[in-house]
Amino acid sequence: MENKKFYITTAIAYTSRKPHIGNTYEAILTDAIARFKRFQGYDVFFLTGTDEHGQKIEELAKEAGISPKAYVDNVAGEIRTIWDKMNVSYDKFIRTTDDYHENAVKKIFTKLYEQGDIYKSEYEGMYCVPCESFFTETQLVDGCCPDCGRPVKPTREEAYFFKMSKYAGRLMKYIEDNPEFIQPESRKKEMVNNFLKPGLQDLCVSRSSFKWGVPVEFDDKHVIYVWIDALSNYITALGYSPDKKSENYKKYWPADVHIIGKDILRFHTIYWPIILMALGEPLPKQVFGHPWLLFGNDKMSKSKGNVIYADYLAEKFGVDAVRYYVLSEMPFANDGSITYEMVIARYNSDLANVLGNLVNRTVAMVNKYYDGTVPCPDAEEGTDKELKEAAEKAYKDVCFAMEGHHVADSLEIIMNLARRSNKYIDETTPWTLAKNDDTKKRLGTVLYNLIESIRFIGTLITPYMPETGKKILDMINASASSAESLEKFGGFVAGTKVGEATPLFARIDEKKMLDEISSENEPPKKELNLKPEITIDDVNKLDLRVAKVLSAEKVEKADKLLKLTLDIGGEQRTIVSGIAKNYTPEQIIGKNIVLVTNLKPAKIRGIESNGMLLAAADEKNLTLLTTDEDMPSGTKIG
């Protein structure tokens, strides 16, 4: 009989920067689900990849002095390397710069345009470059992007729009008829109440203000915007195009589940289903919006200095320990947390004390008392029944938990079986049984039961911790078992020779490890290169004043320069400053900056500059020195 198919995807990672452990968690989570489905006998297709177009990439590439393609090649390669290091068993890694994807996206856009779902108009509103999202004034939070909190800028440009409202009713009915479509339940309520019920606005699906994207076939002034480009990867990876559907597409689509972060739920549960409806294609069976992995209680951010990377964690603790931590720490619907201290504590308590200790001492006892040969279970007693039932129940409970993507719960079930097995050792005291020939048969039964319980644990834990699962099964000389072999306790073949007992996880000295991490992550000390000493008389020569920025504009043919008009208290000044790489005119207007007013005027690009603003700068960043907004213009500083 042909295996049931199972198609699972991650969101494709944006190639703006190296992914941190919070981003990597999604790939590990999806991998655990995919591996478990394979273990259950499903024909699994697991897709992941990278999202590589957009204005942000174009700007980052320009800053780096390389082409956008060279920039995304570097980052996509880094992402794939991290996925591989973390043992992510994807079947395909798609890049949105792949030719087949770009060609299919062009055809999808043209089809939607020709059937009247896309029309040309003009967009005017606020735009967030990092999120690549447009917002109305009412959607902003304190004047900033509601998603990431960064500044937005007013944008006006010609664009193509998708008629979202045309399909809103159909989508609402689909969500009502398919209660499992959006998971967890709390996310479904959020989408319905916050977006669908208030009414959908038409969606901007092209841009004309930058070039790094898939061009519109019939209008090369425009590039296809992220929603159609990136979201279509889930079908183009299978060989979908409006004019041709591959056998792979017919076999695996619709997806069984899209695994995504909760922050991009709207795009996957509203925009993506509507695009598919317009194409006449089936909708995915489920979209699962997982929570975030926070550093302590904060979102990870380079500016906060609290970013942890998966490859660094793997160097310190091993790949499987990292996989175990993120999978076991993340609740089903609430955010999880990570710190180095928490990883060490979980490593020592669960992996070294519970799992590693169980396997190591059981195999050591088989070697010590039976020369490594697992005996027959010929002397059953009452306590054995509890262990057998615990193992059989653990298998059923893990399957049930994984059906609903309760991955942390399923790992806890496996670890509880290891705890129960350790308790069984304490109850039966094999070292006491070994002292008397009359209890030798009982000892053999105890050790058989422990080895069989370890077979259950090693088999069940393999999808989550592939290397550890293999080590456990190799140590007891058991082949990778099928799901069916765990339905009944007693499948291990007595007479099998076990291997040597080797520690799976050595305990970590917390202080030593934290000191090591601290020294490795301490920023290098900089040479200050202080200027020669001056006197108070030198300082008094400077006239520093509060200056309000009245207007700002870019200087023609000068990428780094802004022309600013300033109010210094009843007098206006014009200055030219090299801050255009760090500030847009919109970001600086209205700020109270610090100005050196008595600097000798200088001509810069034909403009007379009367003064110099103060800023803090290093090799990468520049920040203006500003004062409180209520400080009057012209106020003397010093």
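Tutor: A residue counts as buried under 20% relative accessible area, as exposed over 50%, and as partly exposed in between, with a 1.4 Å probe and protein chains only. The model is predicted: local features need pLDDT of at least 70, side-chain atom pairs count only at pLDDT 80 or more, and totals for chains, interfaces and linings use all residues. Residues are numbered from 1 along each chain as its sequence is written, and side-chain values use heavy atoms, with hydrogens and water left out.

Student: What makes D397 and K393 a salt bridge?

Tutor: The term requires a side-chain nitrogen of Lys or Arg within 4 Å of a carboxyl oxygen of Asp or Glu. In this pair the closest N and O atoms are 2.6 Å apart, which is within 4 Å, so the pair qualifies. Both residues sit in helix α14 (residues 382-403), and because they are 4 residues apart there, about one helical turn separates them. Helices, numbered from the N terminus, are DSSP runs of H or I with at least four residues, while strands are runs of E with at least two.

Student: Why are D474 and K470 separated by about one helical turn?

Tutor: They are 4 residues apart in helix α18 (residues 466-475), and that spacing is the reason. The closest N and O atoms of D474 and K470 are 2.8 Å apart, and the two form a salt bridge. D474 has 45% relative accessibility and therefore counts as partly exposed, whereas K470, at 51%, counts as exposed.

Student: Where in the chain are K5 and D256, whose pair links distant parts?

Tutor: K5 belongs to strand β1 (residues 5-10), whereas D256 lies in the loop between α9 (247-252) and β15 (257-261), 251 residues apart. Their closest N and O atoms are 2.9 Å apart, and the pair forms a salt bridge. D256 has a relative accessible area of 12%, which is under 20%, and is therefore buried. The structure holds 42 salt bridges, and a network of them links E329, R346, D350, E412 and R419.

Student: How do you know that α2 and α3 are roughly perpendicular to each other?

Tutor: The axes of helix α2 (residues 55-64) and helix α3 (residues 68-85) come within 8 Å and cross at roughly 95 degrees. Such axes are lines fitted to C-alpha atoms, for helices over the stretch in contact, with angles from 0 to 180 degrees between N-to-C directions. Angles under 35 degrees count as roughly parallel, over 145 as roughly antiparallel, 65 to 115 as roughly perpendicular and the rest as oblique, and α2 and α3 are therefore roughly perpendicular. I57, L60, A61 and A64 in α2 meet P68, Y71 and V72 in α3, where contact means heavy atoms within 4.5 Å. By class, the contact of α2 with α3 has 7 nonpolar, no polar and no charged residues; Ala, Val, Leu, Ile, Met, Phe, Trp, Tyr, Cys and Pro count as nonpolar, Asp, Glu, Lys and Arg as charged, and the others, Gly among them, as polar.

Student: Which residues touch the most other members of the largest nonpolar core?

Tutor: They are F317, L327 and Y464, in a core of 107 residues, and helix α13 (residues 340-370) gives the largest share of this core, 15 residues. A nonpolar core is a set of buried Ala, Val, Leu, Ile, Met, Phe, Trp, Tyr and Cys residues joined through side-chain atoms within 4.5 Å. Apart from this core lies another, of 66 residues, among them I94, I182, V205 and I274. Leaving aside neighbours within four places in sequence, the contacts of Y464 include A32, F36, L327, M402 and V407.

Student: Why does V407 count as buried?

Tutor: V407 has 4% relative accessibility, which is under 20%, and is therefore buried. V407 has its place in helix α15 (residues 407-428), and beyond neighbours within four places in sequence it is in contact with L29, I33, L327, M402 and Y464. The C-alpha atoms of V407 and F332, 75 residues apart along the chain, are separated by 7.7 Å.
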